[in-house]
Amino acid sequence: MASLVDVTVPVGQAEGTESVVSTWFKSVGDEVTENEPLLEISTDKVNMEVAAPASGRLVEIVKNDGEQVEPGELLGRVDTAPAMSEGSAPAAAPPEAAPQADGTERAPAAASASDSSADLSPAVRKLLKEHNLDASNIKGTGRGGRITHQDVLSVVDASSASPQAAVSASSTRKSSIAGRVIPHNQMRRSIANHMVQSVSTAPHVTSVFDADLTSVVAHRDANKNEFQSRGVKLTYTAYFVQAAVEALKAVPAVNSRWHDDGLEMFDDINIGIATALGSGGLIVPVILKAQDLDLFATAQRLQDLTERARAEQLDARDVQNGTFTISNHGVSGSLMAAPIIINQPQSAILGVGKMERRVVPAAVSGGDITVKPMCYVTLTIDHRVLDGFQANQFLTALVGYLESL
């Protein structure tokens with residue numbers, strides 16, 4: 001008698017995101033082991049693996065690749081009954097595919113393009129499947145010749161640039177102009193939906209201040225070697241996290257969430273750091289309880305989160321419960337960006353521009369003109385929650401902290 005165990009979407013995912021089945025790593029009929037990755041779910045914030053709840057055989061896939069899912073929703077079922085011995089009655093066939101609304105049958109999830117190679121990570125399997133690539137045609141540069149995420153991306157980039165790729169995409173082009181169409185991956189689609197939702201929900205207003213980073217540069221120069229000796233890189237972002245904490249203490253309404261019946265004010269300051277991924281896309285890992293961390297602990301936590309983000313090793317807990325976000329767009333050369341789209345359902349987002357040496361006149365007439373390391377900082381607010389006066393209060397406190405180290 002079959003003993004079926006449900007595979008469900010984990011409850012407690014990052015709020016405010018659309019979850020979509022990205023890739024099944026197993027097909028109906030495959031043997032699975034408890035805690036083995038079964039499938040991957042994508043949101044605009046993180047890709048999350050769902051593990052097998054028990055050992056047995058995958059007998060049903062309820063939600064296929066590309067389908068939207070909700071926390072707690074049924075994804076499939078695993079039969080934990082032992083396999084029938086030789087000569088015994090044959091095992092029951094897996095359930096037939098359920099008919100869809102149009103009367104057609106829903107096809108079971110296809111096996112990944114690289115099922116023959118057990119060395120491939122789930123992220124690599126996902127890319128191979130998305131781009132219909134065969135692992136045997138890709139030369140791995142990882143340890144022992146293992147195929148890495150970047151190896152697959154390199155092949156994708158090369159094939160996209162070829163004339164053959166341009167011809168194959170011509171049937172889906174929306175314009176008569178010569179070119180090619182690169183399909184959106186799930187993360188990009190989710191980010192797009194989240195950005196549109198944010199702009200349509202909150203009226204965005206941006207304030208801009210100039211920050212003198214002379215004290216920050218001097219403090220970092222005096223302490224970076226000592227931090228490094230303890231295994232932590234002291235970045236300028238760590239100083240902006242600390243400054244944001246002080247500014248949020250000074251103007252607590254910024255650390256809030258709008259509801260139609262009132263404003264939810266948070267006791268903890270959980271700061272998300274917008275992090276660009278090498279494979280494209282953006283993710284926002286969160287430093288929880290940032291108000292309890294000193295500069296070293298902040299730098300340590302930053303290093304851990306950003307390294308794991310770029311290695312695609314974050315899980316849902318790392319991107320949950322943010323109350324405020326920092327976008328340090330200056331690391332890629334941008335002087336100022338406005339408005340930066342608010343990370344809903346938060347009430348504001350801090351933008352940090354590129355540090356550059358600029359000529360700065362003295363504050364008093366007749367004083368010296370000096371050259372200082374400066375950067376623009378912006379605060380984009382949800383105007384339902386905050387007014388320009390509060391935004392300026394926040395930036396005054398932030399700049400004051402940076403200039404008084």
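## Terms and basis of the model

A residue is called buried when its relative accessible area is under 20%, exposed when that area is over 50%, and partly exposed in between, using a 1.4 Å probe and protein chains only. By this scale Lys289 is partly exposed, with a relative accessible area of 41%.

The structure is a predicted model, in which local features need pLDDT of at least 70 and side-chain atom pairs count only at pLDDT 80 or more, while totals for chains, interfaces and linings use all residues. Residues are numbered from 1 along each chain as its sequence is written, and side-chain values use heavy atoms, with hydrogens and water left out.

## Overall picture

The protein has 8 helices and 19 strands; these are DSSP runs, numbered from the N terminus, with helices (H or I) of at least four residues and strands (E) of at least two. Of its 405 residues, 41% count as buried. Among contacts (heavy atoms within 4.5 Å) between residues at least 6 apart in sequence, 63% join residues at least 24 apart.

Strands are said to pair if DSSP finds at least two bridges between them. In the order E5-E4-E2-E7, 4 strands form an open sheet with antiparallel pairing. Its edge strands, E5 (47–51) and E7 (68–69), each pair on one side only. Strand E2 (residues 19–24) is joined to E7 by 2 bridges, and Ser19 has Val69 in E7 as its bridge partner.

Helix H4 (residues 186–201) has 16 residues and reaches 22 Å from its first C-alpha to its last, close to the 22 Å expected at 1.5 Å a residue, where the expected span is 1.5 Å times one less than the number of residues. The buried residues in H4 are Gln186, Met187, Ser190, Ile191, His194 and Ser198. They lie on the same side of H4 because they cover an arc of only 130° around the axis, the arc being that of the directions from the helix axis to the C-beta atoms. On the other side of H4, Val196 and Ser200 are exposed. The buried residues of H4 pack against several strands, including E2, E4 (37–42) and E5, and among the others is strand E9 (204–212).

## Strand E19 and Asp382

Strand E19 pairs in the antiparallel sense with E9 over 9 bridges, and Asp210 has Tyr376 in E19 as its bridge partner. Strand E17 (residues 348–352) also pairs with E19 in the antiparallel sense, over 5 bridges, with Val352 standing opposite Val377. Strand E18 (residues 356–360) is joined to E19 by 5 bridges and runs antiparallel to E19.

Asp382 belongs to E19 (residues 370–382) and is buried, with a relative accessible area of 1%. Not counting residues up to four places away in sequence, Asp382 touches Ala202, Pro203, Ile342 and Ser347.

## Backbone details in loops

Most residues other than glycine have a negative phi, and most peptide bonds are trans. Lys289, however, has a positive phi near 50° and is placed in the loop between strand E15 (286–287) and helix H7 (295–310). Asn321 has a positive phi near 65°, lies in the loop between H7 and E16, and is partly exposed, with a relative accessible area of 46%.

A cis peptide bond joins Ala338 and Pro339, with omega about -10°, and a cis peptide bond also joins Gln344 and Pro345, with omega about 10°. Pro339 lies in the loop between strand E16 (324–327) and E17, and Pro345 is likewise found in the loop between E16 and E17.
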